[in-house]
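Dear colleague,

Please find below the structure that I am handing over to you. My findings follow directly after it.

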Amino acid sequence: MDQAESLRNIIKKQDIHSEERNARVITVTSGKGGVGKTSLSVNLAIQLRRLGKKVVVLDADFGLANIEIMLGIRPKYNLADLMFHGKSIQDIITYGPEDIGFISGGSGINEMANLTREQVFQMIQKMSELDELADVIIVDTGAGIGDSVLEFVAASEEVLLVVTPEPTSITDAYALLKQLNRNSSYRPGKTVVKMIANQVRSNHDADELFEKIGIVVNKFLNIDIDYLGAVPYDNNMQRAVMRQKPLSMAEPNSAAARSVERVARILEDKEDEMPGRFGIKQLFMSVIRMKFIR
């Protein structure tokens, strides 16, 4: 039996409709870097925590420690330690400001290709523990349209697409959606894509940005995209990044922090509208399927 068949058998044994408690998984992505995706992920986590949710952020931008740099916290372990060195989910969660947890991907996501049958089984079981520990898991993907980004986006039920008014951000966001539409694992209706207009100067600019994206998506792609909200350009954001302190803590009354709070409240209000909740365990099972058993 080859590795692909072995992995296929493991995944078939997992019941994705089980009665286990599953976390809500929100994947945050963008077509390019430099659009504030990671800042938004961290601040969204804090705002959801303030709404009473237990939140864990997974830094899926392997090799780049963006979240830990932003928080000024160096984790002791990462996802690779979970897969290869016998560490538990509790071991690899680092707790930061306001008790939000985060997991460093390290090189773990890239090294999934090296997993043995037993390691795959153990990782899937450990991920089910993360579903028990968190109400919301935010997956902060890498930027761009590489395979690792598309695998997480296609496997997700709820995707937040961060776009700025810059022409390159718009074209790259469309390129990501175009590649998603071509991905054989993408299922229209299963993945809900919601756009956040970031670093906009006015509500008019935000509406115009969504219209630009929406027109071409509706015309050429089999993807439904919703508008979640806008976060204004705010000089406080850059100052907070330089201080390695989330804006929601450094300047909680700033325009951008209040806007992220509104986005968090909208997400909470619309939680019941999601078609299902399969959790982080199912997301990783789907990613493994895409990587190795196409």
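Phe-152 and Phe-284 are both buried, where buried means under 20% relative accessible area, exposed over 50% and partly exposed in between, with a 1.4 Å probe and protein chains only. The model is a predicted one, in which local features need pLDDT of at least 70, side-chain atom pairs count only at pLDDT 80 or more, and totals for chains, interfaces and linings use all residues. Residues are numbered from 1 along each chain as its sequence is written, and side-chain values use heavy atoms, with hydrogens and water left out.

The structure holds two aromatic pairs. Rings of Phe, Tyr and Trp (its six-membered ring) pair if their centres lie within 6.5 Å; planes under 30 degrees apart count as stacked, over 60 as edge-to-face and the rest as tilted. Phe-152 and Phe-284 form an edge-to-face pair, with 5.8 Å from centre to centre and 85° between the planes. Because Phe-152 lies in helix 7 (residues 147–155) and Phe-284 in helix 13 (residues 279–292), this pair ties together parts that are 132 residues apart in sequence. Helices (H or I, at least four residues) and strands (E, at least two) are DSSP runs, numbered from the N terminus.

In the pair of Phe-210 and Tyr-227, the ring centres are 5.3 Å apart and the planes stand at 35°, so the pair is tilted. Phe-210 belongs to helix 9 (residues 203–220) and Tyr-227 to strand 8 (residues 225–232), and the two are 17 residues apart. Phe-210 counts as partly exposed because its relative accessibility is 21%. Tyr-227, at 32% relative accessibility, therefore counts as partly exposed.

Next comes strand 2. Six of the six residues of strand 2 (residues 55–60) are buried. In a regular strand the side chains alternate between the two faces of the sheet. On one side of strand 2, Val-55, Val-57 and Asp-59 are buried, and on the other Val-56, Leu-58 and Ala-60 are buried. Two strands pair if DSSP finds at least two bridges between them. Strand 2 pairs with strand 5 (residues 136–141) in the parallel sense over six bridges, and four bridges join strand 2 to strand 4 (residues 101–104), also running parallel. Asp-59 has Asp-140 as its bridge partner in strand 5 and Ser-104 in strand 4.

On a 1 Å grid over the protein atoms alone, a cavity is a set of points where a 1.4 Å probe fits but cannot get out, and a pocket is an open set with protein on both sides within 12 Å along at least five of seven lines; lining residues have an atom within 4 Å of a point. A volume is the space filled by probe spheres set on the points, which are joined across faces, edges and corners.

The largest pocket has a volume of about 490 Å³. Its lining has 26 residues, of which Val-35, Gly-36, Lys-37, Ser-39 and Met-70 lie nearest the centre. Helix 2 (37–50) is among the elements that give two or more residues to this lining, and helix 2 gives the most, with four.

There are two cavities of 30 Å³ or more. The second largest cavity has a volume of about 40 Å³. Its lining residues include Arg-24, Ile-26, Leu-48 and Glu-271.

Yours sincerely
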